[in-house]
Amino acid sequence: MTPDAVRNAIRDLRTSLGWTQADLAERLDVSRQTVNALETGKYDPSLPLAFRLSKLLSKPIEELFFPEPQGD
Amino acid sequence: MTPVPSRERRVNRTMQTFLTTTLLITVIALLVRGLKVRFPSDFLNGMELGLLAALPVGMGVLLYRAYRQLDEYGQRLQERAAGLAFLLSMVATMVGYWVQTLAGVQIPLWTVYVFGLLVYSVSVQLQKRAG
């Protein structure tokens, strides 16, 4: 059984705050490449980074990350 | 112009130090070697050996520092690339050994290093694309 893919709302929340990827990277103390990988779903963050994101974007983790809807 | 996040600036600084230090030690070692050829002495011989021993140690310390400064995604990319490069280099070494034994040809040792570094670079780039 393949694990469910995880999607996230990071890009939407970031743009709603008017931040660039570099702004978010600076606040999270990661690289822009990491922010891009997170937003495009190429990389699922560790729990500590997920909590930092949650705190920074003022959203609970389950609203930031959610399983991709499965097609029938 | 988009500001570069501080994490990236720190890594870039360490990599610049790495390149400068490596170049500096190499140039000094070459100078000492040149001097040794003209004026052979035990002192210069020891100095050359010391510098050549310092080179991998210095490179190792600085590369480790750069690795520690990477964030979790950067570290994961490097770890996977290094693991793949190591494994494929081992395979290439074994295949190279067989070819040398069976075909009776000489394959220089440096080809293993070049092969390993190529695999490493390609692997990092592919992972950046694929995630």
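**Close-up 1. A right-handed crossing joins helices H3(B) and H4(B).** In this predicted model, helix H3 spans residues 72–103 of chain B and helix H4 spans residues 110–130 of chain B. Their axes come within 8 Å and cross at roughly 145°. From H3(B), the contact draws on B:Leu77, B:Arg80, B:Ala81, B:Ala82, B:Leu84, B:Ala85, B:Leu88, B:Ser89, B:Ala92, B:Thr93 and B:Gly96. H4(B) answers with B:Val112, B:Phe115, B:Gly116, B:Val119, B:Tyr120, B:Ser123, B:Val124, B:Gln127 and B:Lys128. Sorted by class, the residues of this contact are 12 nonpolar, 6 polar and 2 charged.

**Close-up 2. Helices H2(A) and H3(A) meet at roughly 105°.** Here we turn to chain A. Helix H2 covers residues 21–28 and helix H3 covers residues 32–39 of chain A, and their axes come within 8 Å. Angles of 65 to 115 degrees count as roughly perpendicular, so H2(A) and H3(A) are roughly perpendicular to each other. On the H2(A) side you will find A:Gln21, A:Ala22, A:Leu24 and A:Ala25, and on the H3(A) side A:Arg32, A:Thr34, A:Val35 and A:Asn36. The contact of H2(A) with H3(A) has 4 nonpolar residues, 3 polar and 1 charged.

**Close-up 3. Chain A and chain B touch each other.** Chain A brings 16 residues to the contact, and chain B brings 11. On the side of chain B that touches chain A, helix H1 (6–38) and helix H3 of chain B each supply at least two residues. That side of chain B has 3 nonpolar, 4 polar and 4 charged residues.

Key. Residues are numbered from 1 along each chain as its sequence is written. Chains are lettered from A and ligands numbered from 1 in the order in which they are written. This is a predicted model: local features need pLDDT of at least 70, side-chain atom pairs count only at pLDDT 80 or more; totals for chains, interfaces and linings use all residues. Axes are lines fitted to C-alpha atoms, for helices over the stretch in contact, and angles run from 0 to 180 degrees between N-to-C directions. Helices (H or I, at least four residues) and strands (E, at least two) are DSSP runs, numbered from the N terminus. Angles under 35 degrees count as roughly parallel, over 145 as roughly antiparallel, 65 to 115 as roughly perpendicular and the rest as oblique. Two residues are in contact if their C-beta atoms, placed from the backbone, lie within 7 Å. Ala, Val, Leu, Ile, Met, Phe, Trp, Tyr, Cys and Pro count as nonpolar, Asp, Glu, Lys and Arg as charged, and the others, Gly among them, as polar. A crossing is left-handed if the near helix is turned anticlockwise from the far one by less than a right angle, and right-handed if clockwise.
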